[in-house]
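I opened this structure to look up a few things and keep short notes. The entries follow in the order I made them.

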Amino acid sequence: MSGTVYRGPLAGTATLTINGVPFNVVGEAQHQAAGPVNETLKGQSTVEGFSQMPGEGFIQATLRDRPDFDATSLQGASGLTVVLVKANGQVVTAVNAWQTERINVNTQEGTFEFHAESDTVTVDVAS
């Protein structure tokens with residue numbers, strides 16, 4: 001890491017594609033990389049160590065409903081490639097992801113919540 005402070009965009013804009021189809025991100029987009037999850041193991045006498053299990057990652061966002069795409073067609077979808085590009089240049093990719101939770105379309109706002117999980121969610125940092 002260099003000794004200079006980055007002065008470009010850090011937050012605010014994001015783009016998201018699902019299988020190459022672009023969607024407007026309306027509300028907060030969030031992500032979590034896949035990787036090991038540690039859990040502390042405690043006995044009655046002491047903290048004994050930890051266990052480690054694999055953990056899924058996710059990408060979720062509030063997306064704008066589109067007139068040329070049925071958002072509910074994503075309900076129960078799998079084999080998805082979801083790409084989130086953040087304002088700071090980081091690219092978050094979920095490979096072979098599956099959609100979880102129910103898709104409810106808000107007609108007043110023209111939005112829907114999208115949540116996809118995968119065992120392969122990576123973050124590529126900008127250089």
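I sorted the lining of the second largest pocket by class and got 8 nonpolar, 6 polar and 2 charged residues. The classes I used count Ala, Val, Leu, Ile, Met, Phe, Trp, Tyr, Cys and Pro as nonpolar, Asp, Glu, Lys and Arg as charged, and the others, Gly among them, as polar. I note that this is a predicted model, where local features need pLDDT of at least 70, side-chain atom pairs count only at pLDDT 80 or more, and totals for chains, interfaces and linings use all residues. Residues are numbered from 1 along each chain as its sequence is written, and side-chain values use heavy atoms, with hydrogens and water left out.

The second largest pocket is lined by 16 residues. Nearest its centre I found Gly12, Thr13, Ala14, Ala29 and Lys86. A pocket here is an open set of points on a 1 Å grid over the protein atoms alone, where a 1.4 Å probe fits, with protein on both sides within 12 Å along at least five of seven lines; lining residues have an atom within 4 Å of a point. I read a volume of about 220 Å³ for the second largest pocket, a volume being the space filled by probe spheres set on the points, which are joined across faces, edges and corners.

Which element gives the largest share of this lining? It is β2, with 7 residues. Both β2 (21–32) and β6 (78–86) supply at least two lining residues each. Strands are DSSP runs of E with at least two residues, and helices are runs of H or I with at least four, numbered from the N terminus.

I counted 0 helices and 10 strands in the protein chain. The radius of gyration is 18 Å, well over the 14 Å that the globule rule gives for 127 residues, so the chain is more spread out than a compact globule. That radius is taken over C-alpha atoms, and the rule is 2.2 Å times the number of residues to the power 0.38. Along the principal axes, the C-alpha atoms fill a box of roughly 60 × 45 × 25 Å.

Buried residues make up 27% of the 127. Buried means under 20% relative accessible area, exposed over 50%, and partly exposed in between (1.4 Å probe, protein chains only).

I found Thr93 in strand β7. Is Thr93 buried or exposed? At 15% relative accessibility, Thr93 counts as buried. Leaving aside neighbours within four places in sequence, Thr93 is in contact (heavy atoms within 4.5 Å) with Ile59, Val82, Val83, Thr120, Val121 and Thr122.

Gly49 sits in strand β4 (residues 47–55) and is partly exposed, with a relative accessible area of 27%. Apart from neighbours within four places in sequence, I found Gly49 in contact with Glu39, Thr40 and Leu41. The C-alpha atoms of Gly49 and Glu39, 10 residues apart along the chain, are separated by 8.6 Å.

Most residues other than glycine have a negative phi. I noted Asn19, which is not a glycine, with a positive phi of about 50°. Asn19 is in the loop between β1 (14–18) and β2, and at 45% relative accessibility it counts as partly exposed. Glu101, also not a glycine, has a positive phi of about 70°. Glu101 lies in the loop between β7 (91–99) and β8 (105–106) and counts as exposed at 57%.
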